[in-house]
Amino acid sequence: MAAVALNKFRTIRTGITTEMVGIYTCPLGVASIVTLCQVTNVSSGSSLGTYNVSATHSRDTEVKVDYKFANDIKVPPNDGINLIPDGKLALETNDIIKIQASDEYQLELILSVLETAKQ
């Protein structure tokens, strides 16, 4: 088995769609901490407006369970919001962060994660 780096920072950047999709899965042999989950409204011109975002933490147990940690949060034009403002979110192997917006590609996400090898 290949050695896993002890600590590794990852940054995931993506436009957000109307489908609830997984944007990060905690890898095998790793525990992760989400340090930032920033969503920014990049709408302009005729599409300028306030859009909503929802995000879930998904864990594959006997029954796959999704828990929302952001539910229809409004993001005004030319503004942003950290969906985890007062702390960190710990993830175990195979946990998934999923995200969805009320309109296609009007919101963008930056997700910062610290991955730590389980030893």
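Strands are DSSP runs of at least two residues, numbered from the N terminus. In the predicted model, Tyr105 is located in the loop that links strand E8 (96-101) to strand E9 (107-117). The backbone of Tyr105 adopts a positive phi of about 55 degrees, although this residue is not a glycine. Tyr105 is classed as exposed because its relative accessibility is 53%, the cut-off for this class being over 50%.

A positive phi is also found at Asp72, where the value is about 50 degrees and the residue is again not a glycine. Asp72 lies within a strand, namely E5, which comprises residues 64-75. With a relative accessibility of 48%, Asp72 is therefore assigned to the partly exposed class.

Lys118 is positioned in the segment that follows E9. Its relative accessibility is 48%, so Lys118 is counted as partly exposed. Along the chain, Lys118 and Val30 are 88 residues apart, yet a distance of 5.3 Å separates their C-alpha atoms. When neighbours within four places in sequence are set aside, the residues in contact with Lys118 are Gly29, Val30, Ala31 and Thr93. For Thr93, the side chain is joined to that of Lys118 by a polar contact of 3.3 Å.

Key. Residues numbered from 1 in each chain as written. Predicted model: local features only at pLDDT ≥ 70, side-chain atom pairs only at ≥ 80, totals over all residues. Heavy atoms only, no water. Helix = DSSP H or I, 4+ residues; strand = E, 2+ residues; numbered from the N terminus. Buried < 20%, exposed > 50% of the residue type's maximum accessible area, 1.4 Å probe, protein only. Contact = heavy atoms within 4.5 Å. Polar contact = N/O pair within 3.5 Å; in protein donor to acceptor, adjacent residues only side chain to side chain.
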